[in-house]
Each structure stands twice: as C-alpha cells, then as structure tokens.
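This text leads a reader new to the structure through some of its parts. Keep the sequence and the 3D view open while reading.

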Amino acid sequence: MSASVHLDALPPQRVGTEPRSLTVFEKVCLALVSFGSLLVFLSLLSPNTLSTYTSYWAAPALTMGTIVLGSLGYIFSAYMGTTPGIKHNGMFFSSMSNRGVWGWMAGVAMTSFYVILYWHSSTLAGAIALVEPISYALSGKHADQWFLYGFLYTVAVVVMGSRMLMKYRHSRYQIIRTLSVMFFQLGFGFLIPNILKALNQPEFYFTYFWPLKPEYLLPWSYGEEQLVTQGAVIVTGLTMGRAMLLWGAMMSVIAVPTLTYFFGKRWYCSWVCGCGGLAETLGDPYRQLSDNSDTAWKVERWMIHSVLLAITVITGLLWINAATGNAILGNASGLYSKTYGFFIGAAFSGVIGVGFYPILGSRVWCRFGCPQAAILGMFQRFFSRFRITTNGGQCISCGNCSTYCEMGIDVRAYAQRGENIVRASCVGCGVCSEVCPRGVLKLENGSFGDRFKNAAKPFAAIADAFRGKS
Amino acid sequence: MHVAIIGNGIAGVTAARTVRKRDPKARITLISGESEHHWSRPALMYIYMGHMRYQDTKPYQDHFWGKNRIDLVRGWVTQIDADGKTLTLDGQRTVQWDKLLIATGSKPNKFGWPGQDLNRVSGMYSLQDMDALEGWTRDIKHGVVVGGGLIGIELAEMLHSRGRHVTMLVREASYWDNALPAEESAMVNDVIKATGIDLRLGAELESIEDDGTGSVGAVQIKDGERLDAQYVGLTAGVRPNIAVTEGSSIETARGILVNDQLQTNHPDIYAAGDCAEIRTPEGQRNTIQAVWYTGRFQGEQAANNMLGDAGDYNAGLWFNSAKFVDLEYQVYGNVPASGAQHTSGLDYVFWKHDNGKHSVRICHKDGAVVGFNLMGVRFRHKVCEQWILEAKPLEYVLKNLRKAAFDPEFSKRHDAAIRAVAKGATP
Ligand SMILES: Cc1cc2nc3c(=O)[nH]c(=O)nc-3n(C[C@H](O)[C@H](O)[C@H](O)COP(=O)(O)OP(=O)(O)OC[C@H]3O[C@@H](n4cnc5c(N)ncnc54)[C@H](O)[C@@H]3O)c2cc1C
Ligand code: SF4
Ligand code: SF4
C-alpha cells in the first residue's frame, strides 16, 4: 500500500482554473465598465467637472450608464458561453469568492463605502452630483447621499439579479424569485418612495415594517403624535401618515403570520425584502462563505433573538413614554431611536451585513441581526406548512447543499438521515435544491401535519424532559 | 466489547454509528489509511472542480467522533489474524478486537493494458488519486479517459472544467449502455458532446505509450488512431478491494464472501459495502453491490448482526441516481439496459422532450408498473417505491403522475405529454 498523504493538513487553495479567454464583445463591455468607473473616480476628486463640460444628462449616462450596460453585456456573454446548469467551477480557487486578496479588497471597499456614507458623506459630493438629474426627474428634489445609496443599491440588485437570471436560466423557481426581488427593489424600494417624496409625503417603504423598521409603528414618525395620546389609531379623516401606520401594523400583525403559515418565511426573505434582495443578487457569489458549524448556529440564535427582544422593549418603552407625555424617558426618546438606528441600522446591517459579504457570506445581517427574520423564523419553525422534503434514500452526503446554503444551515445533516428540513432560519432561496446533484431536496408547502416526518419536532426535547426521557 | 472496523467509508461509518446507538458501552475503533475523517467519495469531483473544499465533503463535523466515542485511527491494516483476533497496523502495531468489520471498499479495474503502470496514468477512486491528478494538471494538455461508466464521465467533466482537452474512449456502442436503455444512453452521448468532450464510441484502448521519461505520452486505440496524451484515467469499473485478507483464512472470491447476515466464514468477522460478495444472491441482483446506499444499508445491517440480531440483508427496491454533466438521472425498480430492452418481457411508456433534456420511462409488465427511469426529471422516491411494491396498474400511475413529481416548484409539468405518448403506444 502506498504511503499516506496527510490530506487534512493540505492547504485549502489549489491550482486555479485556466483563465478564460475573452471575446471581443466582452472586452468592449469591460472597457465600458472601466471607463465609467474611471469617470466616477475623477468626479469624486473634482465634483461637477463632468456636468460642466458635458450636458445635464451626459454625466449620469457616461458614468452609471456605461457601468450598467457594460456589466450587463459582460454577464450575458459570459453565461451564454456555458451550457445551462450549475457551474460552480473554481469557486474555491477564485480569490474573489474564497477570501483571497480580491475578496478582502472587495470587502474593504464595500465596508469603506458604508463608513463614508454614514459618517463622511461630504466625500461623496462628486458622485451625488452624477445622479442629480435622476433624483430631480423622479422626486423633484436634489440628490443627497441617501438617494445615491438607494440608486446604487437598486442598480446592484438589477445588474446582479440579471446575473442570477443567466446563471439559473434552467430553473423557473430561481427565475421567478429573482424577478420578484428585482421588482420589489426597483418599485417599492426605489421608485415609489421617491415618487412619494415628489408628492410631499413621508418617504415610505411599503415592503418594510416593524420590527425591521421600528419607527413604522411610532406614529410621530409620520407627524401623528396626537394618535398616541388620543389612544385611537383609526381616526376619521385618514391622512397619508395614518394610512402608512395602519398598513405597517397590518403587515406586522396579519400578513406576517398568515403568509408565513402558507409559504414559509421565504415569501418575505427571498422574494420581497430589499436586504434579502441584495443578498440574493450581489451576495450570490459569496454564499458559500457562510459558516455552517454548530457553533455559528448557536451564536446566531442568541444574537438574533437578543436583537428582537431589544427592539420589542424599546418600542414598548417609546409608546409608554409618548402616552404618558414623556414621563419615563423624558425627551430622550429621540436618542433611543438614534442609538438603535446607529448600532443596528447602520453599523450592523450596512457595514457588517453588506460590507462583509466577501468575508462572512451573504446573509450575515439576516442570520445574526434581523429582528424581522427572528419573528418570521419562529412562525416558520412552529406554525407553517413550509418544509424542505428529503427524497428517500438518494442523498450521497456530498455536501453541496450545506456549502451553498447562505444561511449556514447544515442541510446535509438532515438529508443524509432522510429527514425533512424544518429550520427557523431557512429563507427558502432554493439553492440547496438547485445544487444537489441527486435531486434530493424539494421546497414545498405541504400539509401542516406531515412536515416533521422523520424530523425532530419542536419542543420534543422539552416534552421528553418532562416525561423523564433524556 | 471491542469492535474494530477497517475502512471509514460509508459502510464502515454507518456500522460505527449503529453500534454506538445501540451499545453505549462498546469500544469502537475506526481505521483508515486514506483519510483521518470520513468524507463523501461521490463528492470527489466537486473538490477537484473547486465547488467545495475537502473539509466541506465531510458528512459529520469533526467533533462528532469524539462526542460519540468513536476512536479514529489513521493507518493501513497490513494483516488480519482471524483466529488470534488481532490485526496489524502499518506492519507494526497490533490491535486486538472482539468483532471485526471489513469495509475496505473497491479499487479501480486494470485489465493488463500495456503501459497501465506509467507515471500520469491513474484510476479515480481515492483522495490520493485526486491529489496526484491535482499535481499533474499543470502539465496536461490532453487527457484520455478510458471507460464509459459513472466515474469515467465524472473524470472527463473534471478535466474539462480545468480547461483541458478530454477524449473519452468508450468500448461500447453508446455511453453506459450496459445499464441504461438505448434512448437514455443516446441522450447522455449528446450531453457529453455538447459539453465539448471528445466522445469516441466503440473505441477500445490498445496500449498506453511511454514518452521516454516513464510518463504517458500517447494512447493507441485498437484498430484506430494514436492520440497524444499527457494523462490517462482508467475508469473501466471497480472491483472489491480485498488485499487486506491476503495471508488470512478469510474466504474470498471476487470479493470477501459473506452469508445473508454479512458474516464471513469466521463468525466474528463481517464484511460490508463495496468489498463484500454475498453468497446467495437474492433475485436477479449482482452479488456485489458497489453503490453508496447499499454500503449504508450493509453497514447498518452488519452492525446489528454483530450485536446479535442475525437479520438477513435485504436492500429493498433498487434505486440509484447520478448526474451526467448537466443531466440528472434517477432510477427506481426494474429498468432493463439497452441490450435486454426487448428480451426482458417488459413494456414501456417512454416520453422524451424535444429539447433532449428530459425523459420519463415507465416500465410495466402484465399491466403493473415495475420500474421508472428518469432523465432531467425528479420523482418522489417513496411514491415510486410504493407504486412498484404494490404493483399499481399503469393507468393508475399515469393518472397520478403529479403525486410522484419532485421537480422544484414552478417547473414545467410533462404529465399530459407522457399520457399522450402512453395512449399512442397502447391503443
Ligand atoms: C469518483 C466516485 C464517484 C462515485 N459516485 C457515486 C454516486 O454518485 N452514487 C453512488 O451510489 N456511488 C458512487 N460511488 C461509489 C461509492 O462511493 C462506493 O460505493 C462507496 O464509497 C463504498 O463505500 P465503502 O464504505 O464500501 O468503501 P470506501 O468508500 O471505498 O471506503 C473504504 C475505505 O477503506 C480504506 N481501506 C482500504 N483498505 C484498507 C486497509 N488495508 N487499511 C486501512 N484502510 C483501508 C480505504 O482507503 C477507504 O478509505 C462513487 C465512487 C467514486 C470513486
Ligand atoms: S436551506 Fe436551502 S432554501 Fe433554505 S436558506 Fe439554505 S439553501 Fe436556501
Ligand atoms: S447536495 Fe444533495 S446529495 Fe449532496 S449532501 Fe445535500 S442533499 Fe445530499
């Protein structure tokens, strides 16, 4: 027998795949992207120069326009060069998708962008000027850093969403789901809020509600302070602000439990939500970096439920405070919202949640920080018809499902035992089912009764403990 | 009691887990020369192609073994003393055991081809094989894969994914036609060609030629071309790896001979998985079953019998699955291969999509369904099994195809097209 090689000690990086040779069309596309990026960079150094030397609309067209067109063209051509099907070749050899130099650089760049956006937005003046015509056309208002952010966010979802459409062009589930997140980001995450601004209404996102947007349950966010003290929510003369408040409350109380019962949390997390939308598109190249160890699962459960608890307490306190005429918190309530807004809204969801995609995987915020995911997850775990069904004994324990689960769920651990997967954190992206080479996994909304087939029922451990079983 | 297990593949590992589940006190030693931890052999290609890292292919997290008190030993067993109940590790250490399970798997077939032992010629079975290939990849421009089976197509896809030109030599007239019906086999031929792999059907290897340095430089096809090649993959099937029994009194034929309880001629020694050859074959099955799930069943069964159950091995209804580049394949029950298609006495409903990417074959006999063969379509294992075991009438199955559907949500359903074909075929 041959001498044994110590594979466990082998370095994870292996010989890379051959670089693909680019077609002329792809070279032109990449040149467009570089050209646009260069102009953006120059504009940051010297704001307004571009619009001074060209026309009003030329500035966005020459920068954002060339970048978008070039990227779309390149993506289309690159994927047309492969047969439809799962092509994860070289994922773990690529520096970009396996925490190599490029991955770290992308992480640092995205994180820096968030830091500048939140705390140093004056640096962005040149870039903000580039999207000014778009902002003015949509909302009649001047662009600010938040408009720039919303614009770039939407562009990322649309461009990388198109990449998803090409990558999964063999799968109708992925096509429809990706079109859905693109639609909701473009419409409800970008166009509608800007049109509302044009109508001098509060900027409102119909697809976010408490607890992801805690202020949506706080009437004074809409200038409706009197609602609290009068103690009535439905008051004659429905204003836009009240309608929004009502909508948010209905979504939280009625839509979340009902839709989650029928479809699982995916109806929101991987079909509607903007954060999920970005993770499913821009984050897709990094999904394999999500830690799927038991330890990560434990940390996840503690963190996400702590955030939910904190928000519930804060919302409650703010209401009591308002109802009692600022008796308990005084005028400090603004400070509380601000602190929350800083730690959770900015630092966590933006800087770490998105900035760290190339380091920690695409769903860090959704796994560890999102209070909405926590609530949806509880409904999904205990009161939903959704499950991932395991197909009999076909699993070969290969690990593709666990590796490509962006939520770090060890899907294989269930599949290889023939158990269904019923996990609070599963966002129903369906990628485990796509990458499984043996067709073992199927996402479905079956009947409520049989979802735990072979699987551990919730509370079973507690129930057993009561019955004296260990 | 000390249970020693040679081989940490699916059979050995399932046995270890089963023993632990039933007997909290037993001492369990799991020995393998290949790797420290159990890994998924069918995932080998994904490591090489960069879909996963080696550690991602481990079905259990590393803390699992300590938690379940399964002692892992890295080393090659060089000798077994069946009467003295010991084994020798790497020619040095001896280990005592009360019950022994041999689960040493398979090794690639070599048919005495001239040049088969040259450098850069290998089978594709172990992590070591893959590592060698990894090292050679830099120097390979053209690889030749010999053999048209499940591992051959995977090896061809692997090389192709790294941008190497690949030729596949298949001795048969069509890919894997000793297992697939003719139409499905032809679909795979098309997929291989569409991928950009140079598929040579009816082409047999004559010899592998030395490039003058002890490495392969070319391949000669019988009555045919001579191809430049810097690598040759030998994937013409596998056979039981029984080297460990040499010099012992354990009876072997092609594999390690066991009875229905998976017991060898020594009552305290069992064998399971690819290396086992069952003396009394049930039905029409081969005596050697070299697939993942039978390894799992046999490992479990052997463990139960070691603990005193004396249950007969019964693999249940045959099923299997694979993926031919982009084309998924599932089979349930009795589906005759190309050659036996018209002599088997079975009738078929066969539907194939115009795009050549989906097909459904329902085999039936005397009006009852006996097997399903699916390409690019997923069916529910439980439902197919139940229908076959209950000998459901073809009409019933055709009417209830929806119940068997396992394709992802929103996938196009083909039920109506299948029923239409069935009507045309049986007027
Ligand atoms: C590339 C490839 C792809 C495959 N894909 C599929 C698939 O998709 N579906 C499917 O059903 N089957 C597949 N198979 C077959 C499947 O992997 C085997 O049937 C299964 O692994 C057999 O399990 P086992 O436990 O019997 O043996 P093995 O997995 O071979 O494990 C035996 C272990 O014992 C070790 N060993 C051997 N001799 C000694 C010794 N003397 N001392 C110490 N250790 C020793 C070996 O090194 C090895 O680690 C594939 C096989 C290969 C090679
Ligand atoms: S388990 Fe599957 S569907 Fe759920 S989040 Fe993970 S990959 Fe997506
Ligand atoms: S991808 Fe499929 S075959 Fe592989 S471990 Fe997951 S369920 Fe099993």
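B:Glu34 is buried, because its relative accessible area is 8%, and buried means under 20%. The model is a predicted one.

Ligand 1 is surrounded by 32 residues, and B:Glu34 is listed among the closest, together with A:Arg438, B:Val77, B:Tyr125 and B:Asp274. The residues around ligand 1 come from chains A and B, so the site is shared between chains. On the side of chain A, an N or O atom in the side chain of A:Arg438 is 2.5 Å from an oxygen atom of ligand 1. On the side of chain B, a polar side-chain atom of B:Tyr125 lies 2.4 Å from an oxygen atom of ligand 1. B:Ala11 takes part through its backbone: one of its backbone N or O atoms is 3.0 Å from an oxygen atom of ligand 1.

Chain A can be taken next. Chain A has 470 residues, and 53% of them are buried. Its secondary structure consists of 20 helices and two strands. If contacts in chain A are counted between residues at least 6 apart in sequence, 75% of them join residues at least 24 apart.

With a relative accessible area of 2%, A:Leu441 is buried. Its C-alpha atom is 10.0 Å from that of A:Arg387, and 54 residues separate the two along the chain. Apart from neighbours within four places in sequence, A:Leu441 has contacts that include A:Ile388, A:Thr389, A:Cys401, A:Val411 and A:Cys432. Its contacts also include two residues of chain B, B:Arg378 and B:Phe406.

Some of these names return around ligand 2. The residues around ligand 2 include A:Ile388, A:Val411 and A:Cys432, and also A:Cys405, A:Cys426, A:Cys429 and A:Leu443. By class, this shell has ten nonpolar and two polar residues and no charged ones. Ligand 2 sits in the second largest cavity.

Ligand 3 has 13 residues around it, and the closest are A:Cys395, A:Cys398, A:Gly399, A:Cys401 and A:Cys436. Helix H17 (400–404) and helix H18 (411–415) of chain A are the elements that give two or more residues to this shell. Nine residues of the shell around ligand 3 are nonpolar, three are polar and one is charged.

Chain A also holds a cis peptide bond. This bond runs from A:Trp210 to A:Pro211, with omega near 5°. A:Pro211 is placed in the loop between helix H7 (172–198) and helix H8 (226–230) of chain A.

Back in chain B, helix H8 covers residues 381–389, and its buried residues are B:His381, B:Val383, B:Cys384, B:Trp387 and B:Ile388.

H8(B) is followed by B:Ala391, which is found in the loop between H8 and H9 of chain B. The phi angle of B:Ala391 is near 50°, a positive value in a residue other than glycine. B:Ala391 counts as partly exposed because its relative accessibility is 40%.

B:Trp176 is another residue other than glycine with a positive phi, near 45°. The loop that holds B:Trp176 lies between strand E11 (165–170) and helix H6 (182–195) of chain B. Is B:Trp176 buried or exposed? Its relative accessible area is 14%, so B:Trp176 is buried.

Technical notes: Residues are numbered from 1 along each chain as its sequence is written. Chains are lettered from A and ligands numbered from 1 in the order in which they are written. This is a predicted model: local features need pLDDT of at least 70, side-chain atom pairs count only at pLDDT 80 or more; totals for chains, interfaces and linings use all residues. Side-chain values use heavy atoms; hydrogens and water are left out. Buried means under 20% relative accessible area, exposed over 50%, partly exposed in between (1.4 Å probe, protein chains only). Helices (H or I, at least four residues) and strands (E, at least two) are DSSP runs, numbered from the N terminus. A residue is near a molecule or strand if one of its heavy atoms lies within 4 Å of it. On a 1 Å grid over the protein atoms alone, a cavity is a set of points where a 1.4 Å probe fits but cannot get out, and a pocket is an open set with protein on both sides within 12 Å along at least five of seven lines; lining residues have an atom within 4 Å of a point. A molecule sits in a cavity or pocket if more than half of its atoms lie within 2 Å of its grid points. Ala, Val, Leu, Ile, Met, Phe, Trp, Tyr, Cys and Pro count as nonpolar, Asp, Glu, Lys and Arg as charged, and the others, Gly among them, as polar. A polar contact is a pair of N or O atoms within 3.5 Å; within protein, one must be able to donate a hydrogen and the other to accept it, and residues adjacent in sequence count only if both atoms are side-chain atoms. Contact means heavy atoms within 4.5 Å.
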